[in-house]
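This briefing is for a reader who is meeting the structure for the first time. Please look over the sequence and the model before reading on.

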Amino acid sequence: MEYILFALLMKHAVADLLIQSLRPPGDKSKIFSKTNFYHSADHGILTGIVLLAFLIPWELVIALAILDFVLHYLIDWSKTNFVKHMDWDRDGKAFWRVQAFDQMGHYLTYMLLIVIINVISNT
């Protein structure tokens, strides 16, 4: 399972840093944000690809990819709105502290996916 976790963390870097840097900045604060939808879809799709590579059954892959999409969307939406509410900008220390919690939320998502895979694999 540690290989799956490692692959999900590498996927996270690709989606959060590489792919997101290729798109124009957008507002993730709206609940139906196109920017957040595309970004979270990158995560969900790449999670699906990673899990398929580890021969996880496709039905479970779809469910976990959707779960990753939804949780990523909500984590980013929540962070964006919190930062906006506090009127913090990206140059301040407070923003980067919140960013750390944002990343921890995403890493917890990957641990949840691993737990779900383990539980279903052992039944």
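Among contacts in the chain between residues at least 6 apart in sequence, what percentage join residues at least 24 apart? The figure is 73%. The model is predicted, and the points below start with the whole chain and then turn to single residues.

**Elements**
- The chain contains four helices and zero strands.
- Read from the N terminus, the order of the elements is α-α-α-α.
- Helix α2 covers residues 34-53, α3 covers 58-86, and α4 covers 93-121.

**Overall dimensions**
- Along the principal axes, the C-alpha atoms fill a box of roughly 50 × 25 × 25 Å.

**Burial and surface**
- Buried residues make up 37% of the 123 residues in the chain.
- The accessible surface of the chain is about 7700 Å², and carbon and sulfur atoms account for 73% of that surface.

**Charges**
- There are 10 positive and 11 negative side chains in the chain.
- The centres of these two sets are 6 Å apart.

**Residue A53**
- A53 belongs to helix α2, which spans residues 34-53.
- Its relative accessible area is 59%, so A53 is exposed, the cut-off being over 50%.
- A53 and I4 are 49 residues apart in sequence, while their C-alpha atoms are 9.3 Å apart in space.

**Loop residues with positive phi**
- Most residues other than glycine have a negative phi.
- L55 is not a glycine, yet its phi is positive, near 60 degrees.
- L55 lies in the loop between α2 and α3, and it counts as exposed because its relative accessibility is 76%.
- D87 is also not a glycine and has a positive phi of about 60 degrees.
- D87 is placed in the loop between α3 and α4.
- Is D87 buried or exposed? D87 counts as exposed, because its relative accessibility is 69%.

Conventions:
Residues are numbered from 1 along each chain as its sequence is written. This is a predicted model: local features need pLDDT of at least 70, side-chain atom pairs count only at pLDDT 80 or more; totals for chains, interfaces and linings use all residues. Side-chain values use heavy atoms; hydrogens and water are left out. Helices (H or I, at least four residues) and strands (E, at least two) are DSSP runs, numbered from the N terminus. Buried means under 20% relative accessible area, exposed over 50%, partly exposed in between (1.4 Å probe, protein chains only). Contact means heavy atoms within 4.5 Å. Accessible areas come from the Shrake-Rupley method with a 1.4 Å probe; for residues, only the protein chains shown count as cover. Lys and Arg count as positive and Asp and Glu as negative; His and the chain ends are not counted. The place of a charge is taken as NZ of Lys, CZ of Arg, CG of Asp or CD of Glu.
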